[in-house]
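Please open the structure in your viewer and keep the selection panel at hand.

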Amino acid sequence: MSCILVMGGGYGAAAAEKFDRGMGFKQASVFMPKGQLMFGGTVSYRDYNFYDYKFLIIDDMNINAYTLAATPYIYYSFAKNMAVGVKFSYNRTLARIDETNLSLSSDLSFGISNFYMLQHTYYGSLSYRYYIPLGKSKVFGLFSDISLNFGAGQGKTVNGTGENVTGTYQNILDVGIDVIPGIAVFITNEMSVEASVGILGMGWKRISQTTDQVYTGRYETSNANFKLNLLSINIGVNFVLPVGKDDTAAVKKQ
C-alpha cells in the first residue's frame, strides 16, 4: 500500500510540472523589434477561361472571368514581435458568360448567353500581427494576422441583348474576421517579402439590389469556414523603418 502511495505521489509531481516549449513571449527570439514602422502591400490575381468546355451537365461552357485584390497596409510594432495596423483593400470581380448550355436530361436543358457581371468592393481593416521567428533566425519568420474587416461596394449584372436586356444594380455591405498565417523573409535590414494564405474566416454580407430600375430586393448571407485555400495566396513586399525606441536591445539582422 505504501509503495502505491509513493508511486502515486511521484506521478502527481510529474503531472504538476509543466513542460516549457520555449514558445512564450519572453522566451521567443526577436524577429520584429519594438518601435518599427512597417508599410507595404499584397496583390493577388486569378484568371479563368473556358472555351467549349464540357463537364457533367455542362455543355459548351464559354466563360471569361478574373478576380483582382490589392491591399496596401501600415503596421507599428508596439512590443517585441507584435504589431497593430490598418489595411485598405480593393477587390474586383468580372465575368462574361457566352453560349453556355446546361443539360439536366435528354428532354430538359437550358442555356445562358450574353451574361455580364461586375462587382467591386472597398475594405478597411483593423489588424493584429504576431511574428514567430524560425529558431533564432532574424531573417526567416512566421506570422499570424487577425483582421476585422468592414467593406462596401457596388455590383451590376446585365443579361440579354437588344430589347431583351435586363440589368440589376447592387449595393454591398460586408463585415468579417479573417485569420491569415504566412511567412516573412528579410532581404535587407529594411525590406522583406512575404507570402500568406487564408485558412479561417467568418463573415456577414448584405446585398440590396434593383432590377430594371423597378423591382427591388435584398438578401443576406453569413459564413464561417476553416480550410486551406491555395487559390488565395497573397504575395507582398514590406519596408521596415525604426521610428520608436526599442527597450529590449538593438537587433542586427543576420
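**First stop: Arg129 and Asp145**

Select Arg129 and Asp145, which form a salt bridge whose closest N and O atoms are 3.0 Å apart. This link joins distant parts of the chain, for Arg129 belongs to strand 6 (residues 115–133) and Asp145 to strand 7, 16 residues apart. Please bear in mind throughout that the model is predicted.

Are these two residues buried or exposed? Arg129 has a relative accessibility of 3% and therefore counts as buried. Asp145 counts as buried because its relative accessibility is 2%. The cut-off applied here is a relative accessible area under 20%.

**Second stop: Lys87**

Return to Arg129 and select Glu194 with it. Here the closest N and O atoms of the salt bridge are 3.0 Å apart. Because Arg129 is in strand 6 and Glu194 in strand 9 (residues 191–196), the pair ties together parts that are 65 residues apart in sequence. Glu194, with a relative accessibility of 5%, therefore counts as buried.

How many salt bridges does a search of the whole structure find? The search finds three. Now display Lys87, Arg129, Asp145 and Glu194 together: they are linked in a network of salt bridges.

**Fifth stop: aromatic pairs**

The next selections concern aromatic rings. A pair of aromatic rings is described by the distance of the centres and the angle of the planes. In the whole structure, a search finds seven aromatic pairs.

Select Phe31 and Phe186, which form an edge-to-face pair with 5.5 Å from centre to centre and 65 degrees between the planes. Where in the chain do Phe31 and Phe186 lie? Phe31 is in the loop between helix 1 (2–16) and strand 1 (36–55), whereas Phe186 is in strand 8 (residues 166–186). The two residues are 155 residues apart, and their pair links distant parts of the chain. Phe31 is buried, as is Phe186.

Select Ser77, which has its place in strand 2 (residues 58–79). Its relative accessibility is 1%, and Ser77 therefore counts as buried.

Next, show the backbone atoms of Pro33 and Gln36. The side chain of Ser77 reaches the backbone oxygen of Pro33 at 2.7 Å. A polar atom of the Ser77 side chain also lies 2.7 Å from the backbone nitrogen of Gln36.

Which residues are in contact with Ser77, leaving aside its neighbours within four places in sequence? They are Met32, Pro33, Lys34, Gly35, Gln36, Met82 and Ala83.

**Last stop: the whole chain**

Clear the selection and colour the chain by secondary structure. Starting from the N terminus, the elements run α-β-β-β-β-β-β-β-β-β-β-β-β.

The chain has 254 residues, of which 33% count as buried. Among the contacts in the chain with a separation of 6 or more, 65% are between residues 24 or more positions apart. Finally, switch to a surface view: the accessible surface of the chain comes to about 15800 Å², and 62% of this belongs to carbon and sulfur atoms.

Methods. Residues numbered from 1 in each chain as written. Predicted model: local features only at pLDDT ≥ 70, side-chain atom pairs only at ≥ 80, totals over all residues. Heavy atoms only, no water. Salt bridge = Lys/Arg side-chain N within 4 Å of Asp/Glu carboxyl O. Helix = DSSP H or I, 4+ residues; strand = E, 2+ residues; numbered from the N terminus. Buried < 20%, exposed > 50% of the residue type's maximum accessible area, 1.4 Å probe, protein only. Polar contact = N/O pair within 3.5 Å; in protein donor to acceptor, adjacent residues only side chain to side chain. Contact = heavy atoms within 4.5 Å. Phe/Tyr/Trp six-rings, centres within 6.5 Å; stacked < 30°, edge-to-face > 60°. Areas by Shrake-Rupley, 256 points an atom, 1.4 Å probe, with all protein chains shown as cover.
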